[in-house]
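Hi,

Please find the structure below. My notes on it follow.

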Amino acid sequence: MVIDTKKFKSLKRKVLKRYPNAKTQMRNGGYYISDGMGSEVGIDFMIPSQSSVQMAWYWANECTKLEQNLRRTHPDKTGMNFNEKKFDRISRRNRKK
């Protein structure tokens, strides 16, 4: 897959927004994106090293999108405080009736 320069810059910018110190690293002939703190972007999703720098940034972008989506929709996202506040508010509303 060939990625043009404009698309590559866009992908890189999105990843750098989430991981400001991210940079391209090479291991065993493949490229991966380091998050700048000693870990890889996409290691949780078992993304292998890529054959080109562009593909490494592409998959790092896909991993950040997936990670954001999982965080947003995860059932444990809201704490008990939120549920208690909501329950109290609804209970007060029902008592007024």
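Asn 61 counts as buried because its relative accessibility is 3%. Buried means under 20% relative accessible area, exposed means over 50%, and partly exposed lies in between, with a 1.4 Å probe and protein chains only. Asn 61 sits in helix H2. Helices (H or I, at least four residues) and strands (E, at least two) are DSSP runs, numbered from the N terminus.

Before going on, note that this is a predicted model, in which local features need pLDDT of at least 70, side-chain atom pairs count only at pLDDT 80 or more, and totals for chains, interfaces and linings use all residues. Residues are numbered from 1 along each chain as its sequence is written, and side-chain values use heavy atoms, with hydrogens and water left out.

What does Asn 61 contact, leaving aside its neighbours within four places in sequence? The partners are Leu 11, Lys 14 and Val 15. Contact means heavy atoms within 4.5 Å.

Follow Val 15 next. Not counting residues up to four places away in sequence, Val 15 touches Ala 22, Trp 57, Ala 60, Asn 61 and Thr 64. Val 15 also belongs to the largest nonpolar core, which has 14 residues. Such a core is a set of buried Ala, Val, Leu, Ile, Met, Phe, Trp, Tyr and Cys residues joined through side-chain atoms within 4.5 Å. Ile 3, Val 15, Ala 22, Ile 33, Val 41 and Trp 57 touch the most other members. Helix H1 (5-18) and H2 each supply at least two residues of this core. H2 gives the largest share, 6 residues. In soluble globular proteins, nonpolar side chains tend to be buried together.

On a 1 Å grid over the protein atoms alone, a cavity is a set of points where a 1.4 Å probe fits but cannot get out. A pocket is an open set with protein on both sides within 12 Å along at least five of seven lines. Lining residues have an atom within 4 Å of a point. Grid points are joined across faces, edges and corners, and a volume is the space filled by probe spheres set on the points.

How many cavities of 30 Å³ or more does the structure hold? It holds 1. The largest cavity has about 80 Å³ of space. Its lining includes Tyr 31, Ile 33, Val 41, Trp 59 and Cys 63. Strand E2 (30-34) and helix H2 (53-73) each supply at least two lining residues. H2 has the largest share, with 4 residues. By class, this lining has 10 nonpolar, 1 polar and 1 charged residues. Ala, Val, Leu, Ile, Met, Phe, Trp, Tyr, Cys and Pro count as nonpolar, Asp, Glu, Lys and Arg as charged, and the others, Gly among them, as polar.

The largest pocket has a volume of about 170 Å³. H1 and H2 are the elements that give two or more residues to its lining. H2 gives the most, with 6 residues. Among the lining residues are Lys 14, Asn 61, Thr 64 and Arg 71. This lining has no nonpolar, 3 polar and 6 charged residues.

Gly 30 is in strand E2. Gly 30 is buried because its relative accessible area is 6%. Leaving aside neighbours within four places in sequence, Gly 30 is in contact with Gln 25, Ser 49 and Gln 50. Gly 30 and Thr 64 are 34 residues apart along the chain, and their C-alpha atoms are separated by 20 Å.

Compare another pair. Lys 12 and Tyr 58 are 46 residues apart along the chain, and their C-alpha atoms are separated by 7.9 Å. Lys 12 is in helix H1. Lys 12 is partly exposed, with a relative accessible area of 32%.

Last, the backbone angles. Most residues other than glycine have a negative phi. Asn 28 has a phi near 50°, a positive value. Asn 28 lies in the loop between strand E1 (23-27) and E2. Asn 28 is exposed, at 79% relative accessible area. Met 46 also has a positive phi, about 55°. Met 46 lies in the loop between E2 and H2. Met 46 is exposed, at 73% relative accessible area.

Best wishes
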